[in-house]
Amino acid sequence: MLGNKRGNHLRDYVADYTVFDLETTGIRPDYDVIIEISAVKVTNGRVADTFSSLINPGRRIPYGATAVNGISDEMVADEPELKLVFPKFIEFIGEDILVGHNIHSFDMKFIWKAAEELFGQTVSNDYIDTLPMARRCLPQLSHHKLVDLAAYYGISTAGAHRALKDCMMNQQCFERMAKENITDSLKLCPRCGSELRRRNGRYGEFLGCSGFPACRYTQNC
C-alpha cells in the first residue's frame, strides 16, 4: 500500500504474505528500471493468487541484464509501461507483508523509487528478507543465493531469474526454512534444557545443544 513512511524490516515468519520479485535493467536503483514484476499472494502458507507482467522500460535493455534474466528488447516491445503496471501491483499486494530474497538491499529500493516517482508517496508495507533468514537458519551453506536454497531443498530451479519463477521458488524456501526453524526451536536438550540447533558435521546434519561447549549433547536430525 502507499503511504508516507517506508515499511519496517521484519524477521519472524508469518503465514499470510505476498512474495514479490523484480527483473531490472541493472543493479542501480538510481539509474536502472524495472522490466518485470511478479508477485505471489499466500494465505495460511499456501499460494492463493499470482500477478506477473513484463514492462517496457522505454530504453534498450543492456546485454548483461538479458544474459541474466533472458528478457530482450523484443520481448518487452509491446508490453505496458511501468506507470500502467505498478498501480496494479500496488492493488495486488494491498496491506500484505512482503517477502523476497535480498529485497532489503535491492528490490525494495526499486519499488520505493517507483512509488515516489509515480505517486509522490512510498510503499509502506512491512517486509521480510529471506536472505538474512537463510544465513540464520542454514549456516552450513557456503552460499545463500535463492538457487542455492532451492537446490538444498530439492526444489527445481528451471526458469530461475524470471520474476514469477523466483517468487514460486522463494515461497517454497521460505516455508521450508520457517518450518525447520520452528521445529528445531521446540526441541530442547534432555541434559541441560537448552535449545537444540541444526548443525552440519563430518557425517551430515545433526542437532547440537546451544549450550556448547559446556554441554556437548547431540542427536540425529
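Partly exposed means a relative accessible area between the buried limit, under 20%, and the exposed limit, over 50%. The views below show a predicted model.

**View 1. Arginine 6 pairs with glutamate 116 in a salt bridge.** The closest N and O atoms are 3.2 Å apart. Arginine 6 lies in the loop between strand E1 (2-3) and strand E2 (9-10). Glutamate 116 belongs to helix H4 (residues 107-119). The pair therefore ties together parts that are 110 residues apart in sequence. Arginine 6 has a relative accessible area of 41%, so arginine 6 counts as partly exposed. Glutamate 116 is also partly exposed, at 36%. By the salt-bridge rule, the count for the model comes to six.

**View 2. Arginine 60 and aspartate 73 form a salt bridge.** Their closest N and O atoms are 3.3 Å apart. This pair links distant parts of the chain, 13 residues apart. Arginine 60 sits in the loop between strand E5 (46-54) and helix H1 (63-69). Aspartate 73 is in helix H2 (residues 73-76). Arginine 60 is exposed because its relative accessibility is 69%, and the exposed class begins over 50%.

**View 3. Aspartate 30 meets arginine 28 through their side chains.** The contact is a salt bridge, with an N to O distance of 3.3 Å. Aspartate 30 has a relative accessible area of 58%, so aspartate 30 is exposed. Arginine 28, at 45%, is partly exposed. Side chains of opposite charge can pair when their charged atoms come close.

**View 4. Asparagine 170 is a buried residue of helix H7.** Helix H7 covers residues 163-185. The relative accessible area of asparagine 170 is 3%. Buried means under 20%, so asparagine 170 falls in that class. Leaving aside residues up to four places away in sequence, asparagine 170 touches Val19, Gly100, His101, Thr130 and Leu146.

**View 5. Glutamate 117 is an exposed residue of helix H4.** Its relative accessibility is 61%. The exposed class lies over 50%, so glutamate 117 qualifies. Serine 52 is 65 residues away from glutamate 117 along the chain. The C-alpha atoms of glutamate 117 and serine 52 are separated by 21 Å.

Key. Residues numbered from 1 in each chain as written. Predicted model: local features only at pLDDT ≥ 70, side-chain atom pairs only at ≥ 80, totals over all residues. Heavy atoms only, no water. Helix = DSSP H or I, 4+ residues; strand = E, 2+ residues; numbered from the N terminus. Buried < 20%, exposed > 50% of the residue type's maximum accessible area, 1.4 Å probe, protein only. Contact = heavy atoms within 4.5 Å. Salt bridge = Lys/Arg side-chain N within 4 Å of Asp/Glu carboxyl O.
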